[in-house]
Amino acid sequence: MDSLSLQSHLSLWSSTSTYPARKPGIAVPEFVKLHKGPSKSRYLPQRYRMATSSREGLNGIEEGDGVIIVDHGSRRKESNLMLNEFVAMFRERTKYPIVEPAHMELAEPSIRDAFSLCVQQGARRVIVSPFFLSPGRHWNQDIPSLTAEAAKEHPGVSYLITAPLGLHELLVDVVNDRINHCLSHIAGKADECSVCAGTGKCRLRQ
């Protein structure tokens, strides 16, 4: 299955109003059953250790580095603007001087545009960070291909495509925060979050 950006996953999730109840006697397909206890996935142990290991000693952004945060891209202007907001938050939090948003398709700026902007600001190495939940065709093929084409226009500038968000322990906090905030909203204790504001989607349904 193709990779879906985090933004796309949230859009798909929020657009689904209800889930039909499972009728008695109908078995749940094996591929949707959740395992209780430690995961037996061959991918989880190594990646989980990477996420929970100490960050001391890890390499970071250096002078002359530019960062591109790329999502899938959408025909909805609001969805694309959300990436701009995230990039602004990321730039403010990290203090990295060169950070640009990009959309893989359907909207601008493209990866090519963002790559050029990074170089214009002095980047000699560009780090492309996919704003995607999981690896798939977009991470394996599309983003590398588009980045390689963009890099051809800037000889001498190297680039790196990082892993997608994946199984990172901090995502547990993000999902839990979303759940708690929405529950607080329907209880009348909190306003709608910026994602749900004005959509009427954050409400209890029967």
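Where in helix 5 does a kink lie? I looked this up in a predicted model, in which local features need pLDDT of at least 70 and side-chain atom pairs count only at pLDDT 80 or more, while totals for chains, interfaces and linings use all residues. Residues are numbered from 1 along each chain as its sequence is written, and side-chain values use heavy atoms, with hydrogens and water left out.

**Kink.** I found a kink of about 25° at Ile 143, shortly before the proline Pro 144, the bend being the angle between axes fitted to the seven residues ending there and the seven starting there.

**His 138.** I placed His 138 in helix 5, residues 137–151 (helices are DSSP runs of H or I, at least four residues, and strands are runs of E, at least two, numbered from the N terminus). His 138 counts as buried because its relative accessibility is 4% (buried means under 20% relative accessible area, exposed over 50%, partly exposed in between, with a 1.4 Å probe and protein chains only). Its C-alpha atom is separated by 8.5 Å from that of Met 104, 34 residues apart along the chain.

**Surroundings.** I noted as buried in helix 5 His 138, Asp 142, Ile 143, Thr 147, Ala 150 and Ala 151; what covers them includes strand 1 (65–71), helix 4 (111–120), strand 3 (125–130) and strand 4 (158–161).

**Core.** I then turned to the largest nonpolar core, which has 17 residues, with Ile 143 among those having the most contacts inside it (such a core is a set of buried Ala, Val, Leu, Ile, Met, Phe, Trp, Tyr and Cys residues joined through side-chain atoms within 4.5 Å). Helix 4 gives the most to this core, with four residues.

Notes: Contact means heavy atoms within 4.5 Å.
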